[in-house]
Amino acid sequence: MTTANQAQNSQNNVPVPREWHTIKLIQNPYYRYGLIVATIAYFIFALTTLEVDWSRIYTGLPRAGDIFVRMVPPDFSRWSLLTRGILESVQIALAASFFGMILAIPLGLCGARNLVPKPVYLVARSIIVLTRSFHEIIIAIFFVKIFGFGPLAGVLTLIVASTNFIAKMLAEDIENMPAGQLEAIRATGASFPKLLIYCISPQALPRYLGVSIYRLDANIRHSTVVGIVGAGGIGQVLAATFTRYDYDFSLAILMCIVGLVFVGEFFSNWVRGRLR
Amino acid sequence: MTDVKHAKKYPEIWQRFTPRETLLRYVWYMSVVGIAVWSVSNLNIPWFYFLDAHVQAGDLLTRMWPPAWGYVDQLLGALLETVHIATLGTAVTVVISFPIAFLAARNTTYNKATWLFGRLILVTSRSVNTVIWGLLFVAIFGPGALAGIWAIALRSIGFTGKLIAEAIEEIDQGPVEAIESTGASRMQVLWFGILPQVLPVIYGTVVYRWDINIRESTVLGFVGAGGIGILLYSSVNQFLWREVSVILISVFIVVVISEFISAAVRERIT
């Protein structure tokens with residue numbers, strides 16, 4: 001092989017490189033160096049356009065130390081407020097995951113190109129894209145405006161977020177299915193519901209459940225933050241502690257959130273492991 | 001195996017699940033529904049709010065229309081700042097998460113303690129939402145883009161670090177052993193044996209996270225950490241809904257463009 005290559009190279013008058021280099025991701029050197037130069041230029045541009053108040057940061061750094069000093073030891077004395085907030089966050093996450101799972105099925109089926117007519121597909125896909133583009137907090141503002149402050153707005157926000165996430169995954173999963181089974185079941189003259197039960201659900205169910213469990217884990221993480229705009233949960237308590245400079249209580253809340261997310265992630269990994 | 005059992009194994013009518021499995025499935029279904037009911041009932045949801053929800057929503061929509069297009073001029077600077085926050089935050093993430101990923105991968109870490117330490121950093125970073133990191137950094141640096149950049153960076157470390165660490169754990173040991181056998185130093189093994197194998201994953205993960213970060217940085221302004229969120233928050237608080245709709249449209253455009261770029265780059269890498 002090598003000798004053949006060398007022979008061919010010498011024929012084409014291309015010298016065999018003396019030194020070995022690792023293979024680069026972008027082969028063309030002009031593109032590669034061009035990209036590096038462009039990146040550096042961008043960073044210079046970005047750093048100069050950002051208005052950073054350096055004197056404010058200089059005065060802020062000692063404050064950072066002060067905040068950390070005031071954070072330890074964490075203050076767990078208001079544990080009833082803490083557990084109530086955490087419980088509310090968990091309940092928001094559970095309720096949102098449940099309804100999200102259910103609502104995602106019709107939306108996901110409508111978003112699969114190989115199942116539904118084109119107009120339905122386009123409508124479903126545009127709903128998914130539209131809701132996906134906006135951060136949960138932006139959606140939460142609207143629900144807070146419509147339904148008032150409290151956990152209801154938080155639940156509805158996370159239902160929207162979970163629905164479009166699970167639906168997107170489900171739709172992609174259905175689109176990636178091999179066409180054979182679909183054709184075979186259709187050839188027997190099966191109706192659409194039968195197609196769903198005997199062809200789609202056996203293939204899509206394991207992944208759908210896996211994605212839903214993952215979403216539960218993500219909802220626990222997000223439920224801690226929708227409270228910042230008044231949509232309930234521990235986030236509301238946390239934001240209040242920051243504005244009231246109760247940093248030791250903030251740390252206690254943060255530690256609880258980390259613990260909660262850790263447990264949620266462990267549970268989600270365990271369930272997904274069993275599903276496989 | 002006795003005859004009776006044999007007969008049971010091949011019943012007249014084929015069923016996918018045994019009665020025992022069916023029962024177990026129904027127990028699972030019931031418990032899931034039970035958990036959902038328990039959660040909803042404990043949240044004390046005022047159901048009568050739903051009665052006039054459509055009126056409220058309709059009212060909001062009529063107030064948002066038509067968008068106040070003249071507001072676009074003041075918006076562009078903030079939009080650019082949002083993109084800068086996301087990009088610079090991602091850049092900081094790359095620098096920090098890289099060594100932590102090696103610490104958190106079983107095959108490149110030093111010992112059990114360092115592995116645990118790496119994992120702990122990644123979990124902590126991931127559990128705290130970007131906006132909460134934003135709260136913390138606004139308290140330290142004061143309001144502005146710098147707090148936003150650090151908030152984005154610290155939240156992303158967990159995400160990119162975890163995915164890179166998983167990629168490192170799944171590498172082919174062949175090239176690593178080959179390079180070790182030449183008497184290469186630890187750094188050389190890392191550079192020539194491990195890095196080329198995980199580099200595509202790193203690029204893909206970073207670009208993907210950048211796309212997520214664009215979306216995250218649109219709300220950082222709610223806690224004062226810079227970007228378009230500041231304008232959105234003030235417009236919402238002043239009930240200037242026609243400005244809000246302009247901001248939402250611009251956010252939508254930026255997010256869709258970034259998603260498109262990220263998808264295109266990832267498709268070319270893998």
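Some ground rules come first. Residues are numbered from 1 along each chain as its sequence is written, and chains are lettered from A, with ligands numbered from 1, in the order in which they are written. Since the model is predicted, local features need pLDDT of at least 70 and side-chain atom pairs count only at pLDDT 80 or more, while totals for chains, interfaces and linings use all residues; side-chain values use heavy atoms, leaving out hydrogens and water.

Let's begin with what the chains are made of. Chain A has 11 helices and 0 strands, and chain B also comes to 11 helices and 0 strands. Here helices (H or I, at least four residues) and strands (E, at least two) are DSSP runs, numbered from the N terminus. If you read along chain B from the N terminus, you go α-α-α-α-α-α-α-α-α-α-α.

Now for what is hidden and what is on show. In chain A, 45% of the 276 residues count as buried; in chain B, buried residues make up 46% of the 270. Buried means under 20% relative accessible area, exposed over 50%, and partly exposed in between (1.4 Å probe, protein chains only). The accessible surface of chain A is about 15300 Å², with 67% belonging to carbon and sulfur atoms. Chain B comes to about 14700 Å², with 68% belonging to carbon and sulfur. These areas come from the Shrake-Rupley method with a 1.4 Å probe; for residues, only the protein chains shown count as cover.

Charges come next. Chain A carries 23 positive and 15 negative charges, and their mean positions are 7 Å apart. Chain B has 19 positive and 18 negative side chains, with the centres of the two sets 8 Å apart. Lys and Arg count as positive and Asp and Glu as negative, while His and the chain ends are not counted. The place of a charge is NZ of Lys, CZ of Arg, CG of Asp or CD of Glu.

Contacts (heavy atoms within 4.5 Å) tell you how each chain meets itself. Among contacts in chain B between residues at least 6 apart in sequence, 74% join residues at least 24 apart. In chain A, the share for residues 24 or more positions apart is 73% of the contacts with a separation of 6 or more.

Time to zoom in on chain B. B:L103 is found in helix α4, and its C-alpha atom is 6.3 Å from that of B:T114, 11 residues apart along the chain. Beyond its neighbours within four places in sequence, B:L103 touches residues including B:T109, B:Y110 and B:W115.

B:W115 is also one of the buried residues of α5(B), as are B:G118 and B:L122. The buried residues of α5(B) pack against α9 (192–223) and α11 (247–275) of chain A, together with α4 (72–104), α6 (130–141) and α7 (145–169) of chain B. With 16 residues at 1.5 Å a residue, helix α5 (residues 112–127) of chain B should span 22 Å, and its end C-alpha atoms are 22 Å apart, which agrees. The expected span is 1.5 Å times one less than the number of residues.

How many residues of α6(B) are buried? The count is 12 of its 12, among them B:W133 and B:F137. This helix reaches 16 Å from first C-alpha to last, close to the 16 Å expected.

Most residues other than glycine have a negative phi, and most peptide bonds are trans. A:Y245, not a glycine, has a positive phi of about 60 degrees and lies in the loop between α10 (234–243) and α11 of chain A. B:F239, also not a glycine, has a positive phi of about 55 degrees, in the loop between α10 (228–237) and α11 (241–269) of chain B. A cis peptide bond joins B:W65 and B:P66, with omega about -5 degrees, and B:P66 sits in the loop between α3 (53–64) and α4 of chain B.
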